[in-house]
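Here is a short report for a reader new to this structure. It takes up the salt bridges, then the interface, then the sheets.

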Amino acid sequence: MTAIDAAFRRLRAERQKGLVVYLTAGDPTPAASLSYLRAAADAGADLVEVGVPFSDPTADGPTIEAASRRALSAGMSVARSLELVRAFRKTHRTPVVLFGYYNPFFRYGIPGLCADARSAGVDGFLVVDLPLEETGEAVPAMRSAGLDWIPLVAPTTGAKRVRAIQRAGSGFLYLISVTGVTGVRETLPRGMAAWARDVRETARLPVAVGFGISSPEMARKATRHADAAVVGSACVKIVERNGRAPRGPAELSRFVTSLKSAMR
Amino acid sequence: MPDREGHFGAFGGRYVAETLMSALIGLETAYRAARRAPSFRNELQTMLRDYAGRPTPLYYAARLTEKARGAKIYIKREDLAHTGSHKINNTLGQGLLALRMGKRRVIAETGAGQHGVATATVCAKMGVSCEVYMGEEDVRRQALNVFRMRLLGARVNPVTSGSRTLKDAMNEALRDWVTNVRNTYYLLGSTAGPHPYPEMVRDFQSVIGREAARQFRKAEGGAPAAVVACVGGGSNAMGIFTPFIPDPGVRLYGVEAGGLGLASGKHGATLSRGRIGVLHGSKSYLLQDAHGQILEAHSISAGLDYPGVGPEHAWLKESGRATYVSVDDAQALEAFDALSRLEGIQPALESSHAVAYALVLARRMRRSETVLLNLSGRGDKDMGILMERKEAGS
């Protein structure tokens, strides 16, 4: 059982919904980024998703694209993202999912990446441009290193394909709430609830809903038919507003607390 | 042919967000059905003839040959195709496919604007709405094509992220597609991107090579010793290479953008200087740093200013079937002048790279040998850049 499995098991036992907080590694600097991660975990995030910045983030909207740019200017890379996780692990046991695009991982070298991620304290990978058909090179290596490969399903994914994707993944199933890129949205898309319910009924893995969830109210609604909500761009916006100022992690902490209490 | 998942050897594939997978699978199915359907093939053939002006001529460039003092140079005149480049071959094919699929909204990326113009043209003809993403830098340096697209009724969206060139235009087109995938057809302009685009665009462009092979046989009684084409994403090169690939007697040369010189680091020579990676949906060679971040390409020609390259070219390089070389900005400008003065043909700056290498190659070959040069587009769109250069006295 991985740390991610354990986290969802605990949530289920406590009849709680999970909160996954996304932050871009090294945004705006590696040191500040560590403070934000710690603040999120201390305020009750059940999992943290650490985004490895990429120069061409085609699945991301303007908020995370800008965060990636800030992180890259601060010299962030896969190796430094792993250092960040290692530093976070010294003080926190919160499961960590490393999020990213395939090219930086591929360039780092998949076997070395799995070994180094494992030793840094990473629990799973979420690779946004690695669909089921292209998993052959990386996913077996991740699995044999004891790391989860978190699969994604989208509103455009048919039911049969959802089942095939689930079988290949572990940890949890990431349900993309909208056809679109990441980014803060005002409301949850219509039809999302019914779809999430359908997927969850047959799901072997816990289901986390993400993309566009930006407020405590939306997080509460989104997890009516899911086990967890992922909040990304709304958290990144707090980093964007505050940068390295000490009030930044405090603001993130208040936001995470408000999300958690709405989901209770 | 690629395998079922679109791999050319170790290259290609579909590295995209899950949201796009069903669209790509649907596109592949629709394309395979269309390719088999006589109605689709007939309609495309008729359009290529009556609308695009095919076959384009094969022209023996006597004065250019004289200058090289070597192999005879034949030019495949894609510059004479409707809209001024080979791009129309692909946009007609995919445009008809979009109609068959019932899509009423088309999006495209463009670098030099040639693919954008060809897409806007086909959309105007077919009565569907068209949005083109174009890097802000390219909007500036290819202003004439931007104006043409707007006159054709297309919306041109300048892209301000990254290097503001073709790579960033493609990022933005992918973001649009991921958002509007249910009603939108992404008309990709090169033999790049996720499967089935590299295969499909190659198929639509192969009409260039099929015509050229036939015309060449008639003119010279055989196959050329060498074929030369410029390579950005690689569509005109795949178009002319494809029918010659099975013939080991024909050497294939792809010419990449050398920019300010390979040593300067400011170039678009992906196959010569890049490393294997994944960008825009496929695995191929890429200009990237040690950490897997994509580098900015540089070329005087917007169409070659791209840090990636189509996966089939990566495969042709790896297997040794084709050779990839580079020509820098200055050599391309010289070649533009040479073709203008000697033949009265003004090539696009992209195509000028192929002209420059054809001269180098012909010079090294025997007079009894032949070179087939693909002149992928005409140079009207580049007059602004050329005026700036001449006024600066370079």
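## Salt bridges

Over all chains, the structure holds 44 salt bridges. The model is a predicted one.

| Residue pair | Closest N and O atoms |
|---|---|
| Asp56(A) and Lys167(B) | 2.6 Å |
| Glu14(A) and Arg10(A) | 3.3 Å |

Are the two residues buried or exposed? Both Arg175(B) and Glu65(A) are buried.

The pair of Glu369(B) and Arg251(B) lies within chain B. Glu369(B) is in the loop between helix H15 (349-364) and strand E14 (370-375), while Arg251(B) is in strand E10 (residues 251-259). The pair therefore ties together parts that are 118 residues apart in sequence. Glu369(B) has a relative accessible area of 18% and is buried. Arg251(B), at 34%, counts as partly exposed.

Some salt bridges in chain B share partners. They join Glu5(B), Arg14(B), Glu28(B), Arg32(B), Arg35(B), Glu199(B), Arg202(B), Asp203(B) and Glu312(B) into one network.

In chain A, Glu14(A) forms a salt bridge with Arg10(A). Glu14(A) is partly exposed, with a relative accessible area of 44%. Arg10(A) is also partly exposed, at 36%.

## Where the chains meet

On the side of chain B, Glu18(B), Arg175(B) and Gln293(B) lose the most area to chain A. Together they account for 24% of what that side buries.

The two chains share 4 salt bridges. One of them links Asp56(A) to Lys167(B). The interface also has 21 residue pairs in polar contact.

## Sheets

Chain B has an open sheet of 4 strands in the order E1-E2-E12-E11, with antiparallel pairing. Strand E1 (7-8) and E11 are the edge strands, and each pairs on one side only. E2(B) and E12(B) run antiparallel and are joined by 2 bridges. Within E12(B), Gly281(B) is the bridge partner of Tyr15(B).

Chain A has an open sheet of 9 strands with parallel pairing, in the order E5-E4-E3-E2-E1-E9-E8-E7-E6. Strand E5 (148-149) and strand E6 (152-153) stand at its edges. Each has a single partner strand, so one side of each is left without a neighbour in the sheet. Strand E1 (residues 18-24) and strand E9 (residues 228-231) of chain A pair in the parallel sense over 4 bridges. Leu19(A) stands opposite Ala229(A) in E9(A).

## A helix in chain B

Helix H13 (residues 311-318) of chain B includes the buried residues Pro311(B), Glu312(B), His313(B), Ala314(B) and Leu316(B). Glu312(B) is also part of the salt-bridge network. Just after H13(B), Gly320(B) takes a positive phi of about 80 degrees.

How values were computed:
Residues are numbered from 1 along each chain as its sequence is written. Chains are lettered from A and ligands numbered from 1 in the order in which they are written. This is a predicted model: local features need pLDDT of at least 70, side-chain atom pairs count only at pLDDT 80 or more; totals for chains, interfaces and linings use all residues. Side-chain values use heavy atoms; hydrogens and water are left out. Buried area is the accessible area (1.4 Å probe) that two parts lose on being put together, summed over both. A salt bridge is a side-chain nitrogen of Lys or Arg within 4 Å of a carboxyl oxygen of Asp or Glu. A polar contact is a pair of N or O atoms within 3.5 Å; within protein, one must be able to donate a hydrogen and the other to accept it, and residues adjacent in sequence count only if both atoms are side-chain atoms. Two strands pair if DSSP finds at least two bridges between them. Buried means under 20% relative accessible area, exposed over 50%, partly exposed in between (1.4 Å probe, protein chains only).
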